[in-house]
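Here are a few notes to read alongside the structure, for anyone opening it for the first time. Have the sequence and the 3D view side by side as you go.

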Amino acid sequence: MAELAALEDPGMREANRKRGDDHGVNLSKLRAVAKRLKTQHDLAVGLWATDDTAARLLALLICRPKALGAQELDAMLRQARSPKVHDWLVNYVVKKSPHVEELRVAWTDDPDHVVASAGWALTTERVAKKPEGLDLPGLLDTIEAEMKDAPDRLQWAMNHTLAQIGIEHAEHRARAIDIGERLVVLKDYPTPPNCTSPFAPAWIHEMVSRRGGA
C-alpha cells in the first residue's frame, strides 16, 4: 500500500476522476509492480479487502482467477465501484474463470444495470468467439426492445453486442444495422480522428470492410 501511495499522481487522479475512477496511479507503473510480484493470490485477496481502487486493480493483476468461486466473483463485481475495476475484473479475471458462463447468464438478467452490463460484456465475447448455442435472434430482440432506454453503462454493453453480432454473423448483419439505424444509440458520440465510431451501423461497416467484406 505504501508503494502504491508513492506512485500517486494528482494530475492522473484528476484525469481519472472525470472518467469516474478514484485513483491516481499510472496504469503502466501499476502493471510493472504486478509483473514484479507475479501471481500471489493471498496477497491479491488482502489487497482487494482494502477497498482501495489502485490496490484492487493490482489485486486483479496478481490473483489466480480459477481460485475464485462463482459467489466470490459475484460479490466482487457488486463491490467494484469504479469503471476500471469493473472492466478489469470482467476481462482479466471472470473471462478466465470456469464459472464464466454461469455468471454471464445470471448477470445479464440482474436488476442492477451495472451488473447486467457485465453479463452483456461476456455475451459480446461469446458472440465473437463461441457463438454456438447462443440465441442471436433473441439477443437482437432484447436489444431492439431495451437498448434505447437503458442506463449508459448497460446501453454501451448492449450496443457492443449488437455491433459484434453484425460484424461476426453475416446472416444477422442487415437486421443488426437496421436496429442500430432506427435506435440511433451513440450516433453522435464524439469520436477522435482515425478511431471507429461506436455507432453500431458505422462500426459494423468499418470492421466488415477491413476484413474485405461487403
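1. Start at the loop between α4 and α5, where you'll find Asp-51. This is a predicted model, and in it the phi of Asp-51 is near 70°, a positive value in a residue other than glycine.

2. Val-184 isn't a glycine either, yet its phi is positive, at about 50°. Val-184 belongs to the loop between α12 and α13, the latter covering residues 200-210. With 36% relative accessibility, Val-184 is partly exposed.

3. Now for α12 itself, which spans residues 173-183 and contains Glu-181. Glu-181 has 47% relative accessibility; exposed would take over 50%, so Glu-181 goes down as partly exposed. Which residues does Glu-181 touch, leaving aside those up to four places away in sequence? They are Phe-199 and Pro-201.

4. Next, turn to helix α6, residues 70-79, where Ala-70, Leu-73, Met-76 and Leu-77 are buried. Look down the axis of α6 and you'll see why they can be said to line one face of the helix: these buried residues fall within an arc of 125°. What do they pack against? The partners are α4 (41-49), α5 (53-62), α7 (83-93), α8 and α9.

5. Two of those partners, α8 and α9, also deserve a look as a pair. A pair of packed helices can be described by the distance between their axes and the angle between them. Helix α8 covers residues 100-108 and helix α9 residues 113-129; their axes come within 7 Å and cross at roughly 130°. The two helices are therefore oblique to each other, and α8 passes α9 in a left-handed crossing.

6. Who makes that contact? On the α8 side, Val-100, Glu-101, Arg-104, Trp-107 and Thr-108 take part. From α9 come Val-115, Ala-116, Ala-118, Gly-119, Trp-120, Leu-122, Thr-123 and Arg-126. Sorted by class, the contact of α8 with α9 has 7 nonpolar, 3 polar and 3 charged residues.

Definitions and conventions. Residues are numbered from 1 along each chain as its sequence is written. This is a predicted model: local features need pLDDT of at least 70, side-chain atom pairs count only at pLDDT 80 or more; totals for chains, interfaces and linings use all residues. Side-chain values use heavy atoms; hydrogens and water are left out. Axes are lines fitted to C-alpha atoms, for helices over the stretch in contact, and angles run from 0 to 180 degrees between N-to-C directions. Helices (H or I, at least four residues) and strands (E, at least two) are DSSP runs, numbered from the N terminus. Angles under 35 degrees count as roughly parallel, over 145 as roughly antiparallel, 65 to 115 as roughly perpendicular and the rest as oblique. A crossing is left-handed if the near helix is turned anticlockwise from the far one by less than a right angle, and right-handed if clockwise. Contact means heavy atoms within 4.5 Å. Ala, Val, Leu, Ile, Met, Phe, Trp, Tyr, Cys and Pro count as nonpolar, Asp, Glu, Lys and Arg as charged, and the others, Gly among them, as polar. Buried means under 20% relative accessible area, exposed over 50%, partly exposed in between (1.4 Å probe, protein chains only). The arc is that of the directions from the helix axis to the C-beta atoms.
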